[in-house]
Amino acid sequence: MNAGALIAGTPGAPTVMLIHGLASSYRVWDRVLPKIETEANVVAAQLESDHSIERDADVAALLRSPAVIVGHSRGGLVATALAERHPELVSALLLLCPPWSQASRMSARTPIERVLAVPGVGELMWAVASPKRQRVAQQSAFGPGVTVPDQFVADARARGRRNFVRSTQAIDTYLGARTLADRLTSLQVPTELVFGGLDARVASPAREFAELRHATVRVLPGVGHTPSWEAPDVVADMIGSTLRSTTLATATEPRARRAGRR
Amino acid sequence: MAAPTRRSTTTTQPHELTEPGSAITVHNHVAIIGTGFGGIVTAVRLRQAGFPDFVMLERAGEVGGVWRDNDYPGAAVDVQSNLYSFSFAPNPHWHNTYATQPELFAYLKDVADTQDLRARLVLDCAVERLEWDPAAQLWRLETVRGPRTATHVVLATGALADPLIPAIPGLDRFEGVSFHSARWQHDYDLAGKRVAVIGTGSSAVQFVPAIQSDVAHLTVFQRTPAWVVRRHDRPVGSLSRALYRRFPMFQRLERLSLYLRREWQVVAFRNPALMTLPQRGARRHLEAQVSDPRLRAKLVPDFRFGCKRVLISDEYLRSLGQHNVTLTTDGIREITATGLIDHTGTHHQADVIIFGTGFQTSRLPLTDRTYGRDGRSLAAVWGSSPTAYLGTSVTGFPNLYLMHGPNIGLGHTSVIHMFESQANYIARALGYARDHDLAAVEPTPAAQQAFTDDVERLGEGTVWTTGGCTSWYLNADGRNTNIWPGTTLDFRRRTQQFDPTQHLLHRRTPALEAAAS
């Protein structure tokens, strides 16, 4: 297991685990953290993402007690896999713009992602990409008019082509085996799915999650693929209310209160 | 007492000493404890990486670590000095291939001067306790000169710092003089005295031949014989020294050549069958130096060459054959007022007992008084099996680094190379924390376990674990907790970058954040 984490917030408070997406880092939560750290003990994962989604879910080793798991994009799948493998560690799931089937991934249909996966040509393309080109490639992760923050360009660059391609393929492997809706059906954990109305990478679902009684779907109008950056207040509020509802729900279970000092 | 905030780094002059009970606690960004090779290399590397606010705390009155303390007659290094020295401070003045203690001590003092470390040094300042304060996110140090705080702490206290004197019954009854080789009593004249030496390790093989001709009688108590090889020491001529001074490139080439010649030898430590050849050489060395077959028989180890530390000496074995020397292998039952009784009941008269018994190696200094995030001491967390990520950092102990930590020691080449790798990791960790405005970093439990697994895997089948001996490299369970069983190049590669996926990164707590802004 190669997963580190940013540890933040208030020791002893209920735990939230934040899981970043493709070619990203814990810094994707930079705007959300200050808004939740007084009421939560935060574990913001830093994944290696060099293998499968399931391998990344081993980040569960950093949890001592049940937590609200928040995953962004690919991280939403890691969060789901974590709940599949360690249900006892998950009190609720909050999935931000998760790809929910292979077909839902609009970016997979772009030529860039396909060419990058070709050995030789992909390496060449990755190597010669100018800073401007890299920034343009990141633009689809945000709504129109949002300037791509430098750290997102740097984080993606730091990953390297091989890691980028592998972690992309891991998404297709995971969703190819079972779609997200199918997987959530088997989970009993309360789940909130959030999509961006202007998301250029993941399509908003139509009725795919309608059958799930323990899951709600919400679409944020005017927001692109990265709500934690584009609408941090909304995301912080959702995390806060999820935290409060799960602490209320589990208040009668003494083990859940034993949120260990990290 | 005002808890200092880390961001407004109170750059205090370290020589402004605090008195016990003083209201002001001195804060530094980094506290380095110990000023031997490990402490000095850390200081130099940190300053180079842009961390000038460090203090070096030294329990003694001068820098130098083991090369200050081990000043017994004949003390010298067992690795060629052109290699056993800092990469950033080549010394063209070495008088021998293997420098003697006075030269090494002078070298370390000189490096402290030329690298301008004196202003950062607090001498006679033993650290008694360290505690991580989770609220203030810093280390609280108790020293004999009062309390201090530091954001990061480097324990450079050495793996061979505290002398080990075995608990032999009757030691307190002895009416003569007794001391440990690392605390040599120079004002005591050994000439004409009956001397008992306990232990035959790396120190004893150096001081036994150095004192043998002066003393009336020497009784050497040997528990286990070790393999001894020729030293091939040579004086470095004035011409060579002048060449090194004028053209440093030659010395760098010599250093590289020594490094390569030694580095590949790790292959033999990992494939004990290859030790047959050097073992045969050691056997010939013994035969050439000791003619008495009965004495020779006592000096043949029953384990594979390399399992215990290989001793290098051109004089030790020969000195044991001299008329005034007795080698006894019958153990020690007890010490009396006038000598020692072995297990056969024979009494050996002695005026002085010298302990060549090595050092406390089962526990690194201060680790029993270093308290981490959950309030437990490092020694308590470790038990008998110390482990660390890259031999340097430990989960649960934020911003703490151990120079010469677990699995940093070497059997085949200069440990200074390892120290420089460790110092690089420390500088990278501090750099990452600074660049990302983090309060603290520590390895994840998984990262620490993975490194330990690597050590285990690399150590499988090596001469240290399969050579048929017990040594201080192994803990009570036979696990290697001291030796890095890979190449130094592999270790250098591992310490080249700071990998956030292997660490817990602690953000500043909100209250401190507000206080700092």
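B:Pro443 stands opposite B:His503, a residue of strand 20 of chain B. The model is predicted: local features require pLDDT of at least 70 and side-chain atom pairs count only at pLDDT 80 or more, whereas totals for chains, interfaces and linings use all residues. Residues are numbered from 1 along each chain as its sequence is written, and chains are lettered from A and ligands numbered from 1 in the order in which they are written.

Five bridges join strand 19 of chain B to strand 20 of chain B in the antiparallel sense; strands are DSSP runs of E with at least two residues, helices are runs of H or I with at least four, and both are numbered from the N terminus. Two strands are taken to pair if DSSP finds at least two bridges between them. Strand 19 of chain B is largely enclosed by the rest of the structure, because six of its six residues are buried. A residue is buried if 20 or more other C-beta atoms, placed from the backbone, lie within 10 Å of its own, exposed if 12 or fewer do, and partly exposed in between.

## Contact between the chains

The contact takes 15 residues from chain A and eleven residues from chain B, contact meaning that C-beta atoms placed from the backbone lie within 7 Å. On the side of chain B that touches chain A, strand 20 (residues 503-507) gives the most, with five residues. That side divides into five nonpolar, five polar and one charged residue; Ala, Val, Leu, Ile, Met, Phe, Trp, Tyr, Cys and Pro count as nonpolar, Asp, Glu, Lys and Arg as charged, and the others, Gly among them, as polar.

## Domains of chain B

An automatic or database assignment supplies the domain bounds: domain 1 of chain B covers 26-63 + 117-162 + 360-516, and domain 2 covers 171-226 + 264-355. Their C-alpha centres lie 34 Å apart. To their contact, domain 1 of chain B gives 13 residues and domain 2 of chain B gives twelve. The side of domain 1 that touches domain 2 has four nonpolar, nine polar and no charged residues.

## Nonpolar cores

The largest nonpolar core has 196 residues, and A:Ala5, A:Val16, A:Ala45, A:Ile69 and A:Val70 have the most contacts inside it. Such a core is a set of buried Ala, Val, Leu, Ile, Met, Phe, Trp, Tyr and Cys residues joined through C-beta atoms within 7 Å. Helix 12 (residues 415-435) of chain B gives the most to this core, with nine residues.

Terms used. Contact = placed C-beta atoms within 7 Å.
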